[in-house]
Amino acid sequence: MPTKNVAYRTSATATGGGRDGKSKVDDGSFTADLTVPKELGGPGGDGLNPEKLFATGYAACFMGAMRHYAASKKIAVPDDASVQVSVGIGPREDTGFGLDVEISVSLPGVDRETAEDLVAGGHVVCPYSDATRGSLNITPKLA
């Protein structure tokens with residue numbers, strides 16, 4: 001569902017060849033050299049790519065959403081909690097490419113029932129989850 005009131009907006013610009021160019025946040029706070037992975041026909045290496053950037057953003061966003069949900073229920077999320085997002089890319093059956101996303105959450109010291117509720121609640125609250133709902137089959141799980 002679209003937001004009713006945009007509270008924050010940022011923008012980024014990609015230049016060069018896209019996946020083998022540069023990407024930067026327009027306020028200058030972040031710049032990345034991009035490299036096509038070997039699996040997609042590129043040179044590979046340590047460079048960033050859109051999937052790495054998406055995984056990083058999704059993981060941080062999901063953690064924030066889960067903490068927000070937990071706070072609304074007055075549940076403490078442990079400091080050593082973590083969210084790992086794995087993003088894969090490959091050809092779709094029709095045309096173009098599609099993503100495969102997996103989310104794994106670690107909540108040390110939190111009982112299983114509470115942890116499962118926090119993960120499910122975070123998935124509902126997270127704007128990345130909302131934006132991909134219906135186009136990607138994502139079921140977050142406990143690590």
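Helices here are DSSP runs of H or I with at least four residues, strands are runs of E with at least two, and both are numbered from the N terminus. I am working on a predicted model, where local features need pLDDT of at least 70 and side-chain atom pairs count only at pLDDT 80 or more, while totals for chains, interfaces and linings use all residues. Residues are numbered from 1 along each chain as its sequence is written, and side-chain values use heavy atoms, with hydrogens and water left out.

**Entry 1: Ser129**

I located Ser129 in helix 3. I then looked up its accessibility: Ser129 is buried, at a relative accessible area of 1%. The classes are buried under 20%, exposed over 50% and partly exposed in between, with a 1.4 Å probe and protein chains only. The side chains of Ser129 and Tyr58 are joined by a polar contact of 2.7 Å. A polar contact is a pair of N or O atoms within 3.5 Å; within protein, one must be able to donate a hydrogen and the other to accept it, and residues adjacent in sequence count only if both atoms are side-chain atoms. Setting aside neighbours within four places in sequence, I list Tyr58, Phe62 and His123 as contacts of Ser129, contact meaning heavy atoms within 4.5 Å.

**Entry 2: aromatic rings**

Rings of Phe, Tyr and Trp (its six-membered ring) pair if their centres lie within 6.5 Å; planes under 30 degrees apart are stacked, over 60 edge-to-face, and the rest tilted. I get three aromatic pairs by this rule. Tyr58 and Tyr128 form a tilted one, with 5.3 Å centre to centre and 40° between the planes. Tyr58 lies in helix 1 (residues 50–72) and Tyr128 in helix 3 (residues 127–132), so this pair ties together parts that are 70 residues apart in sequence. Tyr58 is buried at 0% relative accessible area, whereas Tyr128 is partly exposed at 30%. Phe54, Tyr58 and Tyr128 make up one aromatic cluster.

**Entry 3: helix 1**

I checked the span of helix 1: its 23 residues reach 33 Å from first C-alpha to last, close to the 33 Å expected at 1.5 Å a residue. The expected span is 1.5 Å times one less than the number of residues. Asn49 caps the N-terminal end, with a side-chain oxygen 3.0 Å from the backbone nitrogen of Glu51. Just after the helix, Lys74 has a positive phi of about 60°. Strand 4, strand 5, helix 2 and helix 3 are among what covers the buried residues of helix 1.

**Entry 4: nonpolar core**

I looked up the largest nonpolar core, which has 26 residues; Phe62, Met66, Val83, Val85, Ile103 and Leu107 touch the most other members. Such a core is a set of buried Ala, Val, Leu, Ile, Met, Phe, Trp, Tyr and Cys residues joined through side-chain atoms within 4.5 Å. Helix 1 gives the most to this core, 10 residues. Beyond four places in sequence, Met66 is in contact with Val83, Val105, Leu107, Leu118, Val119 and Gly122.

**Entry 5: strands**

Strands count as paired if DSSP finds at least two bridges between them. Strands 4 and 5 run antiparallel and are joined by 10 bridges. They form a hairpin with five residues between them, and Gly96 in the turn has a positive phi of about 80°. Strand 5 and strand 6 (residues 141–142) run parallel, with two bridges.
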